[in-house]
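Subject: The two-chain model

Hi,

Here is the structure I promised to pass on.

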Amino acid sequence: MTSASGDRTWMDPRGCLFCRSSCPERDEGRIMFYKFNGFTQRLSGGAGPAAYCPQGLKPLVSTEPPTMIFDTPTKSVSELEGGGVHFLGRNKVPDFQQIFQKPDGLPVHLKRGVPDRLLYRTTMALTIGGVIYCLVALFLAAQPKKQN
Amino acid sequence: MAHQAHAYHMVDPSPWPLTGATAALLMTSGLAIWFHFHSLSLLYLGLTLLLLTMIQWWRDIIREGTFQGHHTPPVQKGLRYGMILFITSEVFFFLGFFWAFYHSSLAPTPELGGCWPPTGINPLDPFEVPLLNTAVLLASGVTVTWAHHSLMEGNRKEAIQALTLTIILGFYFTALQAMEYYEAPFTIADGVYGTTFFVATGFHGLHVIIGSTFLTICLLRQIQYHFTSEHHFGFEAAAWYWHFVDVVWLFLYVSIYWWGS
């Protein structure tokens, strides 16, 4: 940052013109930048650019080298993006919840449409047919045996 | 659109109570027709109708609970009371058969030889297959509890594994018991010993099959993500039923197999 005249000021990251090294004792109206030396447990003057890098902050980008990988694990189908199969199948419950909560007025035993209707009609046919068969069988069973 | 101002479940009209009642009519009449006229058609028709009714009725309950969200806390409480009352009624059912057993075995009549087991009956050794059966059912009680805890902790894979193991143990019990039935030196027609033995253990075996089926349905539902770690009453009901089956076996083992031998 330069002033209108182009002179370098104390805030210039390129460093103060008056001292290339730290000058903590020099207090000439300029605000000195101090940094904490963790080893000596004392404050010491910091160079200009260090003022813009607070010690306490963690770097955004890790400076650790990436761990060496000697072998990538076999990617199973379940790790694929886009909702592939997981352990023994994908969770389809939300889809079913949408189907069964459709406000179409259908009772729960017919909510899925064709397969439900088929099963219901088969069951009803067996019920009505069965009752008729039962009544006939009981009527016949109630007839007296012919005596010889 | 009108919304309900309460947390209870007003069910849609359903045909299944009618078809279920018809199935009961057909099965009872069918049994009578089979006894007197040797025809099994009516009985088979009744059994088919019963199967169709159960599948569709319980399928609808799953739809209402898991997909439509009708099983609020008060509704779930009602379901819990219902299951407990049903299991209690089953306890009384077995109590009757235990009563019959103790009535006959505590005071054996002279016709039996005045002793229990009756003269001529060679009972099964309680420390062979029956003891193995006891171990199998006790182990299945542990695995079903393991499945429940896995479910509550959100551990999908372990819940599936533990539930599968429970079902396998249930089928193992059934297979062992079927083999015992085939190999037994006495039959249901061998006096009151045979009657009490096969009726009590037979109804127990039927309940093991029912319990295994219930657990299998729960396994399929767990695989399809129906259960959450907070809400899985269907599984709890199956686990309660399974523990009930286990306890009945323990009473059967101690009373009929061990004391009665």
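Let's start in a loop: B:Tyr225 sits between helix H6 (191-223) and helix H7 (233-259) of chain B. Its phi is near 65°, a positive value in a residue other than glycine. Keep in mind as you read on that this is a predicted model.

B:His38 is another one to click on. This residue is in the loop between helix H1 (16-37) and helix H2 (41-67) of chain B, and it has a positive phi of about 60° although it is not a glycine. Is B:His38 buried or exposed? It counts as exposed, because its relative accessibility is 69%, and the cut-off for exposed is over 50%.

While you're in the loops of chain B, find B:Pro117, between helix H3 (73-106) and helix H4 (129-152).

Residues 79-102 of chain B are 100% helix, with 35 Å between the end C-alpha atoms. For residues 197-220 of chain B, the span is 100% helix and the end C-alpha atoms are 35 Å apart.

Now for the place where the chains meet. Contacts join 32 residues of chain A to 36 residues of chain B. How much area is buried between chain A and chain B? About 2900 Å², and carbon and sulfur atoms give 73% of that. Three residues, A:Phe87, A:Val108 and A:His109, supply 20% of what chain A buries against chain B, more than any other three residues.

There is polar pairing across the interface as well: 10 residue pairs of chain A and chain B are in polar contact. On the chain A side, helix H2 (93-100) and helix H3 (114-141) each supply at least two residues. H3(A) gives the most, with 14 residues. Sorted by class, the side of chain A that touches chain B has 19 nonpolar, 9 polar and 4 charged residues.

Next, the salt bridges. Side chains of opposite charge can pair when their charged atoms come close. The model has 6 salt bridges over all chains, and 2 are counted between chain A and chain B. B:Arg59 counts as buried because its relative accessible area is 18%, under the 20% cut-off. B:Asp60 is buried too, at 4%.

Chain A has salt bridges of its own. A:Asp104 and A:Lys111 meet at 2.8 Å, N to O. Which of them is buried? A:Lys111 is, with a relative accessible area of 9%, whereas A:Asp104 is partly exposed at 37%. A:Asp95 and A:Arg90 also form a salt bridge, their closest N and O atoms being 3.6 Å apart. Here A:Asp95 is partly exposed at 36%, and A:Arg90 is partly exposed at 33%.

Cheers

Note on methods: Residues numbered from 1 in each chain as written. Chains lettered and ligands numbered in written order. Predicted model: local features only at pLDDT ≥ 70, side-chain atom pairs only at ≥ 80, totals over all residues. Heavy atoms only, no water. Contact = heavy atoms within 4.5 Å. Buried area = accessible area lost by both parts, 1.4 Å probe. Salt bridge = Lys/Arg side-chain N within 4 Å of Asp/Glu carboxyl O. Polar contact = N/O pair within 3.5 Å; in protein donor to acceptor, adjacent residues only side chain to side chain. Helix = DSSP H or I, 4+ residues; strand = E, 2+ residues; numbered from the N terminus. Nonpolar A, V, L, I, M, F, W, Y, C, P; charged D, E, K, R; others polar. Buried < 20%, exposed > 50% of the residue type's maximum accessible area, 1.4 Å probe, protein only.
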